[in-house]
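Let's take a walk through a protein together, one step at a time.

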Amino acid sequence: QVQLVESGGGLVQPGGSLRLSCVASGSIFSINAMGWYRQAPGKQRELVAGISSNGMSDYADSVKGRFTVSRDNAKNTMYLQMNSLKPEDTAVYYCNADLQSWSSEYSGDYWGQGTQVTVSS
């Protein structure tokens with residue numbers, strides 16, 4: 001079995017920073033693309049940042065220059081460094097990964113349970 005677990009969310013003042021982590025665990029052979037998504041109340045889930053297995057990344061226009069996505073393949077971990085946070089960044093942040101398991105039945109697309117980020121003074 002495989003699971004993704006996010007951590008690092010919390011309450012921060014505007015202009016502050018947070019670092020989110022996403023750890024994939026279980027019977028994992030390899031992880032392809034990974035991404036961070038977010039969903040604010042009353043809004044659809046949106047892609048915030050994505051990163052390929054070789055480290056190429058892309059970002060939503062709203063976070064370019066403020067957020068940085070990275071990954072440590074040896075640790076099956078992805079990070080999201082969020083700087084200059086704004087109230088409009090408030091949302092539940094989800095980790096997503098497309099991976100291959102040693103057991104083919106567990107290969108596929110996985111989501112974490114989400115971590116709340118609140119930007120408020």
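A charge sits over a ring if NZ of Lys or CZ of Arg is within 6 Å of the ring centre and within 35 degrees of the ring normal. Keep in mind that what you are looking at is a predicted model. With that rule in hand, find Arg19: its charged end sits over the ring of Tyr79, 4.0 Å from the ring's centre. You can find another such arrangement at Arg45, which lies over the face of Trp111 at 4.7 Å from the ring centre.

Now let's look at a sheet. In which order do the strands of the open sheet of 4 strands lie? The order is β1-β3-β8-β7, and the pairing is antiparallel. β1 (2–7) and β7 (67–72) stand at the edges with a single partner strand each, so one side of each has no neighbour in the sheet. On average, and ignoring direction, neighbouring strands here are turned by 15 degrees against each other.

Start at β1, which pairs with β3 in the antiparallel sense over 6 bridges. Here Glu6 stands opposite Cys22 of β3. Moving on, β3 and β8 also pair in the antiparallel sense, over 6 bridges, and Leu20 stands opposite Leu80 in β8. Finally, strand β8 (residues 77–82) and β7 are antiparallel partners over 6 bridges. In that pairing, Met78 of β8 is the bridge partner of Arg71.

Ser21 has its place in strand β3 (residues 18–26). Is Ser21 buried or exposed? Its relative accessibility is 17%, and buried means under 20%, so Ser21 counts as buried. Leaving out residues up to four places away in sequence, Ser21 touches Val5, Glu6, Ser7, Trp36, Met78 and Tyr79.

Next comes the inside of the protein. The largest nonpolar core has 31 residues, and those with the most contacts inside it are Trp36, Leu80, Met82 and Tyr93. At least two residues of this core come from each of β1, β3, β4, β5 (46–51), β7, β8, β9 and β11 (115–119). Which strand gives the largest share of this core? That is β9, with 5 residues. To see some of the surroundings up close, zoom in on Met82: not counting residues up to four places away in sequence, Met82 touches Gly16, Ser17, Leu18, Leu20, Arg66, Phe67, Tyr93 and Val117.

In the pair of Phe29 and Trp102, the ring centres are 4.7 Å apart and the planes are at 75 degrees, so the pair is edge-to-face. This pair links distant parts of the chain, 73 residues apart: Phe29 is in strand β4 (residues 28–39), while Trp102 is in the loop between β9 (91–101) and β10 (108–111). Phe29 is partly exposed, with a relative accessible area of 49%, whereas Trp102 is exposed, at 62%.

Our last stop is Glu105, in the loop between β9 and β10. At 64% relative accessibility, Glu105 counts as exposed. How far apart are the C-alpha atoms of Glu105 and Glu46? They are separated by 28 Å, and the two residues are 59 residues apart along the chain.

Note on methods
Residues numbered from 1 in each chain as written. Predicted model: local features only at pLDDT ≥ 70, side-chain atom pairs only at ≥ 80, totals over all residues. Heavy atoms only, no water. Pairing = 2+ DSSP bridges. Axes fitted to C-alpha atoms, helices over the stretch in contact; angles between N-to-C directions. Phe/Tyr/Trp six-rings, centres within 6.5 Å; stacked < 30°, edge-to-face > 60°. Buried < 20%, exposed > 50% of the residue type's maximum accessible area, 1.4 Å probe, protein only. Contact = heavy atoms within 4.5 Å. Core = buried A, V, L, I, M, F, W, Y, C linked by side-chain atoms within 4.5 Å.
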